[in-house]
Amino acid sequence: MTDTPLNMVEADQTLVTRLRAWWSGETANPAKRVQFDRPLTPWLFLLPQLAVVVIFFYWPSVQAVTSSFYLEDPFGFGSTFVGMENYTDALNSSEYLGTAAFTAFFCVVVTTLALSIGLLLAVKADKVIRGAESYKTLLISVYAIAPPVAGLIGMMFFDMHMGPLKDLAAFFGYDLKVGINYWDTATALIVIAVWKQIPYNFIFFLSGLQSVPVSVREAALIDAQSGWRRFWDITLPLLAPTAFFLLVINITYTMFDTFPIIDVIVKDKPANNPMTLVYKVYLDGFKGNDIGGSSAQSVILMGVVALLTVLQFRFLERRVHYG
Amino acid sequence: MQKIKPFDHLILILGVLFLCAPVVMALMSSTHAAIDIHSNGLSLLPGGNGIETYTKVLTHKGGFTGDVTGLLMLRNSLIMGLGFAVGKIALSMMAAYALVYFRFRFATLLFWAIFATLLLPLEVRIMPSYQVMSELHLLNTYTGLIVPLLASATGTFFFRQFFRSVPDELLEAARIDGAGPVKFFIDVLVPLSKTMMAAIFIIMFIYGWNQYLWPLLMTTDESFYTLMRGIKSILQVWVGSQIPDYNEAFALAVLAMVPPVAVVVIFQRMFIKGLTESDK
C-alpha cells in the first residue's frame with residue numbers, strides 16, 4: 001500500500017491517454033500496424049451488422065428490462081409500474097426456486113456425464129490405429145442432429161407402448177413413466193441431453209489430444225509406465241484449457257440449447273414435470289401471458305449468462321494468444 | 001508404439017452403439033407400418049412400407065398438419081439454413097473488416113456494442129423479440145425467420161481473429177499498388193478467406209437448419225413451416241389418437257436429420273476446422 005501515490009499517477013496517465021486514444025479511434029494495441037484512414041468507409045461496412053444488432057438485439061433487450069418493472073394487463077389495457085415486484089415475486093415463489101434447483105442439478109449431471117464420456121471416447125479414439133477414422137466419423141455424425149429430432153427419437157425410446165428403454169426398465173421390475181413421473185422424465189431429459197452433447201465434447205477433446213506434440217507423448221511413455229499415471233499427470237493437465245472451455249460451453253448448452261428437448265418431451269404440460277429456467281420464461285410469457293414476470297426472469301437469466309460469457313471470453317483471449 | 005488393446009475397441013464400439021443405434025433404429029422403423037411399430041416396437045431391420053410412408057410425408061397434404069407437405073418444409077428448412085449461413089458470412093466479414101482494417105472514431109465502442117450480443121442468447125429475450133417482430137410486421141416472413149438470428153457476433157468474432165492473423169505486408173503491398181479499401185477487401189481478403197468461409201458456412205448451415213424455438217414463434221402460417229416446426233405439429237396431433245403415426249414421425253425425423261448429418265460426414269475435415277477454430 002505504500003506505493004499507492006505512484007500507481008495513481010500512472011493510472012491517471014493511462015486513463016487520459018486511453019480516453020484520447022479511444023476518441024481518435026486508436027487502441028493501445030491496434031489490430032493492424034497499417035490501417036486505412038477513412039472516416040466513412042468503415043461505417044458502410046459496419047452498417048448491416050449494426051442495423052441488425054440494434055433492431056434485433058438492443059431494442060428487445062431494453063424492452064425486456066423495462067417491462068420487467070411493469071405489470072401488464074392480460075387483456076391489453078395498459079400496464080402499471082410495479083418496481084421490483086416482478087423480481088421479488090419470482091425469487092420468492094417456490095415454483096421458481098424449484099425450477100432453478102432443477103436447472104442447477106440438470107446442468108451438473110449433464111455436464112459431468114457429457115464431458116466424461118466425451119473425454120473417455122476421445123482418449124480411446126486417440127489411442128487406436130485400426131478403424132480410427134471410422135470411429136471418428138460415426139461418433140461425430142450425431143453432432144448434426146437437431147435437439148428437437150433428438151428429443152423425438154428419445155421420446156420414442158421412452159414411449160409407453162413401444163419404447164425399448166421402457167421394456168428394459170420393466171425387465172428390472174421398474175415401471176418407467178416418462179411424462180408423468182417427475183424423476184422418470186428428468187432421467188429421460190438427462191439421457192437425451194447427454195447423448196446429443198457427447199459428439200461436441202469428443203471433437204474438442206480429440207483435437208486437443210492430437211495437438212499434443214509427439215515428443216511430449218514419447219517422453220511420457222518413457223517416464224510413466226502406467227496408463228493411468230500418464231493420463232492423470234500428463235494428458236489431463238495438457239487438456240485442462242480445452243476442458244475448461246468445454247465446461248462453460250456445456251453449462252450454456254444445458255441451460256439454453258436443451259429447450260427443444262424439453263419442449264418435445266414435456267409438451268406444454270408442465271404439470272408435474274421438470275423444466276429449466278429458460279423453458280419457464282417461455283411458458284410464463286407465451287402460455288401464461290405474464291409478460292412482466294417472464295421479463296424479470298429473463299433479466300435474472302441475463303445476469304447468469306453474462307457471468308458465464310465473461311468467463312468464456314477471458315478464456316478465449318488466452319487460448320487465442322497462447323495457442 | 002503401444003499394443004492394440006481389445007478393451008479400447010470395446011469402449012469405442014459401445015460409444016458408437018450408444019450414439020448411433022438410436023439413429024439407425026429411427027431410420028429402420030420409418031420403413032415399417034404404424035401398427036407394426038405399435039405392436040412390435042422399434043426395429044433394426046428395414047420394413048416394406050418405406051416408399052409409401054416417405055411418399056406420403058413428402059407429398060401428402062393435410063396429413064399431420066393442415067395444408068403443408070414435407071417437400072415444402074424441406075424447402076423452407078433449406079432456405080433457412082442457406083439464408084442464415086450466407087447472411088451470417090456476409091455481415092460478419094464486412095463488420096470484422098471494418099473493425100480490423102480501419103482507424104476511426106468509436107471503433108472500440110462499436111467493437112463492444114457488437115460483441116455484447118454474445119452475452120445474451122435469443123432464448124433469454126424471446127418474449128420482447130417476438131413483440132418487436134410483430135411491431136415490425138415480420139411474423140410469417142423469411143426475413144423474420146432469418147435476419148434476427150444474425151444479430152449474434154459469433155461470426156464477426158471468428159473473422160476478426162482470422163483477419164488479425166493475416167500478414168500486414170499484404171495490405172502494405174496492396175496500398176503501394178494503389179488499391180482502395182473496397183478493392184483490397186474483394187480482391188485480396190475474400191479469396192484469402194475461402195477455406196475459412198467454407199468452414200463457417202458448414203457450421204452456420206447446420207445451426208440455421210436446426211433452429212427450433214425461433215421458427216416456432218415466428219411462423220403461424222403453415223407455408224413457412226420448417227421441418228423442425230413440423231416435428232412440433234406432428235407431436236401435437238398425437239395427443240388423443242389411438243395409434244399415432246409413428247412411421248410418419250420417424251420419416252420426418254429422418255428427413256430433418258439426413259442433410260446436416262450428410263454435410264458433416266462429407267465435409268468432416270472442414271467441419272472440425274470450423275468448429276474448433278471458431279469456438280462456436
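View 1. Chain A, with 323 residues, of which 40% count as buried, contains 13 helices and two strands. Chain B, with 280 residues, of which 49% count as buried, contains 15 helices and zero strands. The C-alpha atoms of chain B fill a box of roughly 75 × 65 × 30 Å along the principal axes. Among the contacts in chain A with a separation of 6 or more, 68% are between residues 24 or more positions apart, and for chain B, among contacts between residues at least 6 apart in sequence, 73% join residues at least 24 apart.

**View 2. Confidence along the two chains.** The model as a whole scores ipTM 0.87 and pTM 0.86. Chain A averages a pLDDT of 81, and 84% of its residues score at least 70. Within chain A, confidence is lowest in helix 1 (residues 4-24), where the mean is 49, and highest in helix 4 (residues 94-127), where it is 93. Where pLDDT is low, the predicted coordinates should not be read in detail. Chain B averages a pLDDT of 85, with 94% of the residues scoring at least 70; here confidence is lowest in helix 2 (residues 34-40), at a mean of 79, and highest in helix 4, at 93.

**View 3. The contact between chain A and chain B.** In this view, 86 residues of chain A are in contact with 82 residues of chain B. Helix 2 (residues 41-67) of chain A gives the most to the side of chain A that touches chain B, contributing 16 residues. The residues on that side of chain A divide into 59 nonpolar, 18 polar and nine charged.

**View 4. The largest nonpolar core and the surroundings of Ala253(B).** The largest nonpolar core has 166 residues, and those with the most contacts inside it are Val149(A), Tyr97(B), Ile231(B), Leu252(B), Ala253(B) and Ala256(B). Helix 4 (residues 70-101) of chain B gives the most to this core, with 17 residues. When residues up to four places away in sequence are not counted, Ala253(B) touches Val149(A), Leu152(A) and Ile153(A) from chain A, together with Ala26(B) and Ile231(B) from chain B.

**View 5. Helix 11 of chain A and the residue just after it.** Helix 11 (residues 259-266) of chain A is mostly covered, since eight of its eight residues are buried. The buried residues in this helix are Phe259(A), Pro260(A), Ile261(A), Ile262(A), Asp263(A), Val264(A), Ile265(A) and Val266(A). Just after helix 11 of chain A, Lys267(A) takes a positive phi of about 50 degrees.

View 6. For chain A, the unreviewed UniProt entry lists "transmembrane region" at residues 40-59, 96-123, 135-158, 178-195, 234-256 and 296-316. In the model, residues 135-158 of chain A are 75% helix and 0% strand, with the end C-alpha atoms 27 Å apart, while residues 178-195 of chain A are 78% helix and 0% strand, with the end C-alpha atoms 17 Å apart. For chain B, the unreviewed UniProt entry places the feature "transmembrane region" at residues 78-99, 106-122, 142-163, 184-209 and 249-272. Residues 78-99 of chain B are 100% helix and 0% strand in the model, and their end C-alpha atoms are 31 Å apart; residues 142-163 of chain B are 68% helix and 0% strand, and their end C-alpha atoms lie 31 Å apart.

**View 7. Two partly exposed residues of chain B, Val190(B) and Arg103(B).** Val190(B) has its place in helix 10 (residues 181-192) of chain B, and it counts as partly exposed because 13 other C-beta atoms lie within 10 Å, a number between the 12 or fewer of an exposed residue and the 20 or more of a buried one. Val190(B) and Met93(B) are 97 residues apart in sequence and, C-alpha to C-alpha, 8.7 Å apart in space. Arg103(B) lies in the loop between helix 4 and helix 5 (107-115) of chain B, and it is partly exposed because 19 other C-beta atoms lie within 10 Å. Arg103(B) and Leu42(B) are 61 residues apart in sequence and 62 Å apart in space, C-alpha to C-alpha.

Key:
Residues are numbered from 1 along each chain as its sequence is written. Chains are lettered from A and ligands numbered from 1 in the order in which they are written. This is a predicted model: local features need pLDDT of at least 70, side-chain atom pairs count only at pLDDT 80 or more; totals for chains, interfaces and linings use all residues. Helices (H or I, at least four residues) and strands (E, at least two) are DSSP runs, numbered from the N terminus. Two residues are in contact if their C-beta atoms, placed from the backbone, lie within 7 Å. A nonpolar core is a set of buried Ala, Val, Leu, Ile, Met, Phe, Trp, Tyr and Cys residues joined through C-beta atoms within 7 Å. Ala, Val, Leu, Ile, Met, Phe, Trp, Tyr, Cys and Pro count as nonpolar, Asp, Glu, Lys and Arg as charged, and the others, Gly among them, as polar. pLDDT is the predictor's confidence in each residue, from 0 to 100. UniProt positions are given in the numbering used here, feature names are shortened, and annotations may be inferred rather than shown by experiment.
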